[in-house]
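Visitor: I am new to this structure. Please show me how to read it, feature by feature.

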Amino acid sequence: MMFATIYLPNFYLQAAMRHEPKLHAQPVGLIEKRESKVVITQLNDVADEAGVRKGMAPSQALARSLRLVIKARARIQEKLIDEILLQHAFTLAPFVEATAPGVCTIQFTDDRNLAAKLARVIERLGKCEITAQAGIAPLPDASFLAAHLARPVLQIDDAKDFLAPLPIETLAIEVN
């Protein structure tokens, strides 16, 4: 038996930027307007390279990059993307769990050609303007960690051998 996790990195930011491809070349930071203290919660690589960091106030972030685009969470898009993710996951197997926003875990009883099957799903998600990566492992937790390190698919056959060399910080991965 094998498990696969499909993970959408920066899920909330992806949802907010989904139909604005021109933003991918600009620094973008995401805020949660419902919080009492508004800070950057997610950012793209361009914003990271410009010196913007999670936890910064929008004014601090803009001081690092005047080109920074600040987006608010798009809850309707988040829900739609989660539904699209689950629909694609169910094309692989009937045992699918919505693990967290932008994360689903799939249990396989037939583990033939899993990497190729997951690569096709990731490609189809890409056509929906959704960036995804997937990990395959004999344990669900190991598949979750593999998904975070995948580019775009990583299959591990022995969880112990995979986990042993990883730095402890890897185990503190945030879901999204």
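Guide: Start with the elements. Helices (H or I, at least four residues) and strands (E, at least two) are DSSP runs, numbered from the N terminus. This is a predicted model, where local features need pLDDT of at least 70, side-chain atom pairs count only at pLDDT 80 or more, and totals for chains, interfaces and linings use all residues. Residues are numbered from 1 along each chain as its sequence is written, and side-chain values use heavy atoms, with hydrogens and water left out.

Visitor: Where is aspartate 158 found?

Guide: Aspartate 158 sits in the loop between β8 (153–155) and α7 (159–163).

Visitor: Is aspartate 158 buried, partly exposed or exposed?

Guide: Buried means under 20% relative accessible area, exposed over 50%, and partly exposed in between (1.4 Å probe, protein chains only). Aspartate 158 counts as partly exposed because its relative accessibility is 38%.

Visitor: What does the side chain of aspartate 158 reach?

Guide: A polar contact is a pair of N or O atoms within 3.5 Å; within protein, one must be able to donate a hydrogen and the other to accept it, and residues adjacent in sequence count only if both atoms are side-chain atoms. Here, a polar atom of the aspartate 158 side chain lies 3.2 Å from the backbone nitrogen of aspartate 161.

Visitor: Which way do β1 and β6 run, parallel or antiparallel?

Guide: Two strands pair if DSSP finds at least two bridges between them. β1 and β6 run antiparallel, joined by six bridges. Methionine 2 has phenylalanine 108 of β6 as its bridge partner. Valine 96 stands opposite isoleucine 106 in β6. β5 and β6 form a hairpin with two residues between them, and glycine 102 in the turn has a positive phi of about 75°.

Visitor: How many residues of β6 are buried?

Guide: Five of its six, so β6 is mostly covered.

Visitor: How many residues does the largest nonpolar core have?

Guide: In soluble globular proteins, nonpolar side chains tend to be buried together. A nonpolar core is a set of buried Ala, Val, Leu, Ile, Met, Phe, Trp, Tyr and Cys residues joined through side-chain atoms within 4.5 Å. The largest one has 32 residues; Ile6, Ile106 and Phe108 are among those with the most contacts inside it. Elements giving two or more residues to this core include β1 (2–7), β6 (103–108) and α5 (114–127). α1 gives the most, with six residues. Apart from this core lies another, of eight residues, including Ile40 and Leu68.
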